[in-house]
Amino acid sequence: MGKVLENTKNKLNIYVIYLVIIIKLIKVIISKKEINNMNRLTDKVAIITGSNSGVGEEVAKQFVLEGAKVVICARRKEQLELAKKTLIEIGGDVLDVVCDISKEEDVKNLLNQTIAKYGKVDILVNNAGVLDHNLNSIDNFTNEDFDRVISINQKGTMLVTKEALVYMMKQNKGSIVNVASVAGVYGCGGAVYVASKGALIGLTKHTAMRFAGSEIRANAVCPGSIITPMTTSMDLKKVNMAMMGQMAKHADLKGCRPCMPKDVADVITFLASDESRALTGQIIVSDFGADL
């Protein structure tokens with residue numbers, strides 16, 4: 001009986017040793033996987049427009065953690081400096097440039113400063129954008145809204161892309177990610193905003209086709225309902241309720257949760273990395289299924 005108990009005890013000890021070894025191996029594998037996932041953008045230089053808050057700021061954080069050197073730009077200097085401070089605190093190599101992307105001279109300065117400091121551009125995230133006022137539909141949009149929104153969302157994005165491509169073409173490689181919107185896919189929004197985001201979808205496909213066969217890629221992510229400082233600052237008292245009612249008929253705004261900046265930034269980080277090297281010209285909706 002004593003020998004049986006002793007043999008059983010020895011077997012249990014062996015099983016415990018095996019179990020400890022297996023646990024350690026699993027930890028090593030997980031650790032290596034996490035390390036690999038946190039180095040997808042090592043030594044890449046990324047320009048992120050509209051990166052002082054919301055999705056742009058979250059993208060900048062993720063890029064820093066993935067090893068990229070980031071160039072952040074926006075119109076508001078104080079907020080930009082706060083964003084830079086946050087990025088430096090997590091170990092970022094950061095250049096901040098005050099830039100209104102609707103102005104060609106500002107865009108050229110953005111690229112000049114980027115090249116002067118880092119010598120190249122590997123990634124461009126066209127995130128800067130503005131909302132139209134009050135969800136005004138096609139029958140009551142204003143010229144002021146049209147000029148303001150189109151100059152930033154469409155013209156500004158095209159200007160930055162054009163200047164970044166000068167350097168991407170020299171190295172025959174680059175990843176461009178445009179932040180469009182479900183508004184551009186389904187028409188759910190104010191007329192001017194919808195038109196501007198629809199234009200970005202077309203621009204994405206055009207850019208992808210222009211450089212198909214090279215290592216310059218262009219893709220777009222289209223967030224659905226999303227919580228950011230820009231969207232939460234809307235004055236609901238002035239919103240066109242007729243347009244809001246039409247939108248509600250065609251989207252599950254109650255049953256599906258809204259996106260957070262991190263949800264969109266995760267998709268952008270993937271599209272910016274070489275993990276998505278086979279993807280170009282793709283329009284990815286990120287909305288938890290609300291617009292299906």
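In this predicted model, helices α4 and α5 are roughly parallel to each other, because the angle between them is about 30 degrees and angles under 35 degrees count as roughly parallel. Helix α4 covers residues 104–118 and helix α5 covers residues 143–171, and their axes lie 9 Å apart. The crossing of α4 past α5 is right-handed. On the side of α4, the residues that take part are Glu-104, Val-107, Lys-108, Leu-111, Asn-112 and Ile-115. They meet Leu-159, Val-160, Glu-163, Ala-164 and Tyr-167 of α5. Sorted by class, this contact of α4 with α5 holds seven nonpolar residues, one polar residue and three charged residues.

A further pair is formed by helix α2, residues 54–65, and helix α10, residues 261–272. The axes of α2 and α10 are 9 Å apart, and the two helices pack at an angle of about 50 degrees. Helix α2 passes α10 in a right-handed crossing. From α2, the contact draws on Gly-54, Val-55, Glu-58, Val-59, Gln-62 and Phe-63. From α10, it draws on Pro-261, Lys-262, Val-264, Ala-265, Asp-266, Ile-268, Thr-269 and Ala-272. Eight of the residues in the contact of α2 with α10 are nonpolar, three are polar and three are charged.

Helix α2 also packs with helix α3, which runs over residues 77–89. Here the angle is about 25 degrees and the axes are 10 Å apart. Because this angle is under 35 degrees, α2 and α3 are roughly parallel to each other. The crossing of α2 and α3 is right-handed. In α2, the residues Glu-57, Ala-60, Lys-61 and Val-64 meet Ala-83, Thr-86 and Leu-87 in α3. The contact of α2 with α3 comprises four nonpolar residues, one polar residue and two charged residues.

The loop between α9 (241–249) and α10 contains Arg-257. This residue counts as exposed because its relative accessibility is 55%, and the cut-off for exposed is over 50%. Leaving aside residues up to four places away in sequence, Arg-257 touches Asp-287 and Phe-288. Arg-257 and Ile-226 are 31 residues apart along the chain, and their C-alpha atoms are separated by 9.0 Å.

The cysteines remain to be considered. A disulfide is a covalent bond between the sulfur atoms of two cysteines. A search of the whole structure finds zero disulfides. For Cys-99, the closest cysteine sulfur is that of Cys-73, at 4.8 Å, which is too far for a bond because a disulfide requires the sulfur atoms to be within 2.5 Å. Cys-188 is likewise in no disulfide, and the nearest cysteine sulfur, in Cys-222, is 9.9 Å away. Cys-99 is buried, with a relative accessible area of 3%. Cys-188 also counts as buried, because its relative accessibility is 18% and the limit for buried is under 20%.

Conventions
Residues are numbered from 1 along each chain as its sequence is written. This is a predicted model: local features need pLDDT of at least 70, side-chain atom pairs count only at pLDDT 80 or more; totals for chains, interfaces and linings use all residues. Side-chain values use heavy atoms; hydrogens and water are left out. Buried means under 20% relative accessible area, exposed over 50%, partly exposed in between (1.4 Å probe, protein chains only). Axes are lines fitted to C-alpha atoms, for helices over the stretch in contact, and angles run from 0 to 180 degrees between N-to-C directions. Helices (H or I, at least four residues) and strands (E, at least two) are DSSP runs, numbered from the N terminus. Angles under 35 degrees count as roughly parallel, over 145 as roughly antiparallel, 65 to 115 as roughly perpendicular and the rest as oblique. A crossing is left-handed if the near helix is turned anticlockwise from the far one by less than a right angle, and right-handed if clockwise. Contact means heavy atoms within 4.5 Å. Ala, Val, Leu, Ile, Met, Phe, Trp, Tyr, Cys and Pro count as nonpolar, Asp, Glu, Lys and Arg as charged, and the others, Gly among them, as polar.
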